[in-house]
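Here is a short note for a colleague opening this entry. Please keep the structure in view while going through the points.

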Amino acid sequence: MKNSAENQNDLITITDSKKILDVKQSILNGSTFEQMMMNQAKFNDVSITGLRITNANMSDLEIDGAQLGGAHIHNIGMPPAGHPAHDPAAKQRPLKFENCDLQGSKIMDCDLRGLQIDDCNISGMTINGILIEDALKFYEQHNQKSGGNR
(Lines give C-alpha, C1' and ligand atoms only; values in the text may rest on other atoms or scores of the structure.)
Protein backbone atom coordinates (compact mmCIF):
# COMPACT_ATOMS: atom_id res chain seq x y z
CA MET A 1 0.00 0.00 0.00
CA LYS A 2 1.52 3.27 -1.16
CA ASN A 3 -0.54 6.30 -0.14
CA SER A 4 -4.08 7.26 0.75
CA ALA A 5 -4.93 8.36 -2.82
CA GLU A 6 -4.08 4.87 -4.08
CA ASN A 7 -6.00 3.21 -1.22
CA GLN A 8 -9.46 4.54 -2.07
CA ASN A 9 -12.17 1.90 -2.13
CA ASP A 10 -13.80 0.96 -5.42
CA LEU A 11 -17.60 0.78 -5.21
CA ILE A 12 -18.99 -2.38 -6.80
CA THR A 13 -22.76 -2.46 -7.22
CA ILE A 14 -24.50 -5.76 -7.96
CA THR A 15 -28.26 -5.47 -8.56
CA ASP A 16 -30.82 -8.03 -9.74
CA SER A 17 -28.07 -10.54 -10.38
CA LYS A 18 -27.17 -14.12 -9.52
CA LYS A 19 -23.48 -14.42 -8.61
CA ILE A 20 -21.06 -16.48 -6.53
CA LEU A 21 -18.43 -14.33 -4.85
CA ASP A 22 -15.07 -15.77 -3.85
CA VAL A 23 -13.59 -13.06 -1.64
CA LYS A 24 -10.20 -13.57 0.04
CA GLN A 25 -7.77 -11.26 1.82
CA SER A 26 -10.02 -8.27 1.22
CA ILE A 27 -11.25 -5.29 3.19
CA LEU A 28 -14.98 -4.75 2.73
CA ASN A 29 -15.52 -2.24 5.56
CA GLY A 30 -18.80 -0.34 5.25
CA SER A 31 -20.31 -2.78 2.75
CA THR A 32 -24.10 -3.07 2.63
CA PHE A 33 -26.11 -6.16 1.72
CA GLU A 34 -29.88 -5.60 1.35
CA GLN A 35 -32.74 -7.79 0.11
CA MET A 36 -30.42 -10.60 -0.91
CA MET A 37 -29.80 -14.28 -0.32
CA MET A 38 -26.53 -15.84 0.86
CA ASN A 39 -27.68 -19.39 1.54
CA GLN A 40 -24.82 -21.78 2.33
CA ALA A 41 -22.34 -18.86 2.60
CA LYS A 42 -19.25 -19.43 4.72
CA PHE A 43 -17.13 -16.92 6.65
CA ASN A 44 -13.77 -18.16 7.98
CA ASP A 45 -11.09 -16.17 9.84
CA VAL A 46 -12.98 -12.89 9.50
CA SER A 47 -13.31 -9.71 11.53
CA ILE A 48 -16.90 -8.49 11.46
CA THR A 49 -16.97 -6.26 14.55
CA GLY A 50 -20.00 -4.00 14.55
CA LEU A 51 -21.87 -6.29 12.14
CA ARG A 52 -25.61 -5.65 12.31
CA ILE A 53 -28.13 -8.15 10.97
CA THR A 54 -31.83 -7.17 10.94
CA ASN A 55 -34.95 -8.85 9.55
CA ALA A 56 -33.03 -12.00 8.61
CA ASN A 57 -33.91 -15.67 8.37
CA MET A 58 -30.85 -17.31 9.91
CA SER A 59 -32.31 -20.77 10.43
CA ASP A 60 -29.65 -23.45 10.87
CA LEU A 61 -26.97 -20.79 11.55
CA GLU A 62 -23.85 -22.26 13.15
CA ILE A 63 -21.30 -20.07 14.89
CA ASP A 64 -18.13 -21.91 15.96
CA GLY A 65 -15.05 -20.43 17.60
CA ALA A 66 -16.33 -16.86 17.70
CA GLN A 67 -15.73 -14.07 20.20
CA LEU A 68 -19.11 -12.42 20.82
CA GLY A 69 -18.25 -10.13 23.76
CA GLY A 70 -20.62 -7.19 23.86
CA ALA A 71 -23.03 -8.81 21.41
CA HIS A 72 -26.69 -7.78 21.75
CA ILE A 73 -29.00 -10.51 20.51
CA HIS A 74 -32.65 -9.48 20.62
CA ASN A 75 -36.06 -9.98 19.01
CA ILE A 76 -35.20 -13.56 18.04
CA GLY A 77 -38.00 -15.90 17.00
CA MET A 78 -40.75 -16.17 14.47
CA PRO A 79 -42.04 -12.96 12.85
CA PRO A 80 -44.48 -11.22 15.22
CA ALA A 81 -48.10 -10.35 14.45
CA GLY A 82 -48.19 -7.47 11.98
CA HIS A 83 -45.04 -8.64 10.18
CA PRO A 84 -45.70 -9.65 6.53
CA ALA A 85 -44.14 -13.10 7.15
CA HIS A 86 -46.14 -13.75 10.36
CA ASP A 87 -47.68 -17.23 10.55
CA PRO A 88 -49.62 -17.80 13.80
CA ALA A 89 -49.24 -21.58 13.42
CA ALA A 90 -45.43 -21.46 13.02
CA LYS A 91 -43.29 -22.52 15.98
CA GLN A 92 -39.68 -21.52 16.65
CA ARG A 93 -37.27 -24.44 16.37
CA PRO A 94 -35.05 -24.86 19.46
CA LEU A 95 -31.65 -23.18 19.69
CA LYS A 96 -28.58 -24.96 21.04
CA PHE A 97 -25.74 -23.31 22.98
CA GLU A 98 -22.83 -25.68 23.58
CA ASN A 99 -19.47 -25.05 25.25
CA CYS A 100 -20.15 -21.30 25.50
CA ASP A 101 -18.71 -18.82 28.00
CA LEU A 102 -21.74 -16.78 29.05
CA GLN A 103 -20.24 -15.41 32.31
CA GLY A 104 -21.93 -12.19 33.37
CA SER A 105 -24.45 -12.40 30.52
CA LYS A 106 -28.07 -11.40 31.00
CA ILE A 107 -31.21 -13.03 29.59
CA MET A 108 -34.23 -10.72 29.86
CA ASP A 109 -37.86 -10.90 28.77
CA CYS A 110 -37.37 -14.25 27.00
CA ASP A 111 -39.67 -17.25 26.61
CA LEU A 112 -37.68 -20.08 28.22
CA ARG A 113 -40.45 -22.69 28.32
CA GLY A 114 -38.93 -26.15 28.05
CA LEU A 115 -35.37 -24.79 28.39
CA GLN A 116 -32.92 -27.50 29.46
CA ILE A 117 -29.59 -26.76 31.18
CA ASP A 118 -27.23 -29.74 31.55
CA ASP A 119 -23.67 -30.09 32.89
CA CYS A 120 -23.16 -26.33 33.32
CA ASN A 121 -21.34 -24.29 35.95
CA ILE A 122 -24.20 -22.30 37.49
CA SER A 123 -22.32 -20.65 40.38
CA GLY A 124 -23.76 -17.20 40.94
CA MET A 125 -26.57 -17.76 38.42
CA THR A 126 -29.86 -16.17 39.46
CA ILE A 127 -33.41 -16.22 38.17
CA ASN A 128 -35.44 -13.20 39.24
CA GLY A 129 -32.85 -12.55 41.99
CA ILE A 130 -32.93 -16.11 43.41
CA LEU A 131 -29.62 -17.99 43.44
CA ILE A 132 -30.15 -21.21 41.51
CA GLU A 133 -27.66 -23.09 43.72
CA ASP A 134 -29.78 -22.20 46.77
CA ALA A 135 -33.01 -23.19 45.00
CA LEU A 136 -31.51 -26.57 44.01
CA LYS A 137 -30.26 -27.19 47.57
CA PHE A 138 -33.72 -26.37 48.91
CA TYR A 139 -35.30 -28.69 46.35
CA GLU A 140 -32.90 -31.53 47.22
CA GLN A 141 -33.50 -31.09 50.97
CA HIS A 142 -37.26 -30.95 50.51
CA ASN A 143 -37.23 -33.94 48.17
CA GLN A 144 -35.15 -36.04 50.63
CA LYS A 145 -37.43 -35.16 53.57
CA SER A 146 -40.58 -36.01 51.68
CA GLY A 147 -39.04 -39.16 50.24
CA GLY A 148 -40.45 -38.11 46.89
CA ASN A 149 -39.24 -39.27 43.55
CA ARG A 150 -38.08 -36.88 40.92
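1. **A salt bridge to start with.** The side chains of Lys 96 and Glu 98 form a salt bridge, with N and O 3.8 Å apart. The term stands for a side-chain nitrogen of Lys or Arg within 4 Å of a carboxyl oxygen of Asp or Glu. Both Lys 96 and Glu 98 are exposed. Exposed is over 50% relative accessible area, buried is under 20%, and partly exposed lies in between (1.4 Å probe, protein chains only).

2. **What kind of model this is.** This is a predicted model, in which local features need pLDDT of at least 70 and side-chain atom pairs count only at pLDDT 80 or more, while totals for chains, interfaces and linings use all residues. Residues are numbered from 1 along each chain as its sequence is written, and side-chain values use heavy atoms, with hydrogens and water left out.

3. **The other bridges.** The search of the whole structure gives four salt bridges. One of them joins Lys 24 to Asp 22 at 3.7 Å, N to O. Lys 24 and Asp 22 are both exposed. Another links Arg 113 with Asp 111, and here the closest N and O atoms are 2.3 Å apart. Arg 113 and Asp 111 are exposed too. Side chains of opposite charge can pair when their charged atoms come close.

4. **Charges overall.** The protein chain carries 14 positive and 19 negative charges, and their mean positions are 3 Å apart. Lys and Arg count as positive, Asp and Glu as negative; His and the chain ends are not counted. Each charge is placed at NZ of Lys, CZ of Arg, CG of Asp or CD of Glu.

5. The protein chain has one helix and two strands. Along the sequence, the pattern is β-β-α. The radius of gyration is 23 Å, well over the 15 Å that the globule rule gives for 150 residues, so the protein chain is more spread out than a compact globule. That radius is taken over C-alpha atoms, and the rule is 2.2 Å times the number of residues to the power 0.38. Helices (H or I, at least four residues) and strands (E, at least two) are DSSP runs, numbered from the N terminus.

6. **Box and surface.** Along the principal axes, the C-alpha atoms fill a box of roughly 75 × 45 × 25 Å. Buried residues make up 2% of the 150 residues. The accessible surface comes to about 16100 Å², with 49% belonging to carbon and sulfur atoms. Areas come from the Shrake-Rupley method with a 1.4 Å probe; for residues, only the protein chains shown count as cover.

7. **A nonpolar patch.** A nonpolar surface patch of about 1200 Å² includes Phe 33, Met 38, Ile 48 and Leu 61. Leu 61 lies in the segment before β1 (126–127). Patch residues have over 30% relative accessible area and no salt bridge; like charges are joined within 9 Å, nonpolar side chains (Val, Leu, Ile, Met, Phe, Trp, Tyr) within 5 Å.

8. **Backbone points to check.** Most residues other than glycine have a negative phi. Gln 25 has a positive phi of about 45°, and Asp 109 has one near 50°. Gln 25 is exposed at 86% relative accessible area; Asp 109 is exposed at 85%.

9. **One more residue.** Gln 35 sits in the segment before β1. Gln 35 is exposed, at 88%. Its C-alpha atom is 9.5 Å from that of Ala 56, 21 residues apart along the chain.
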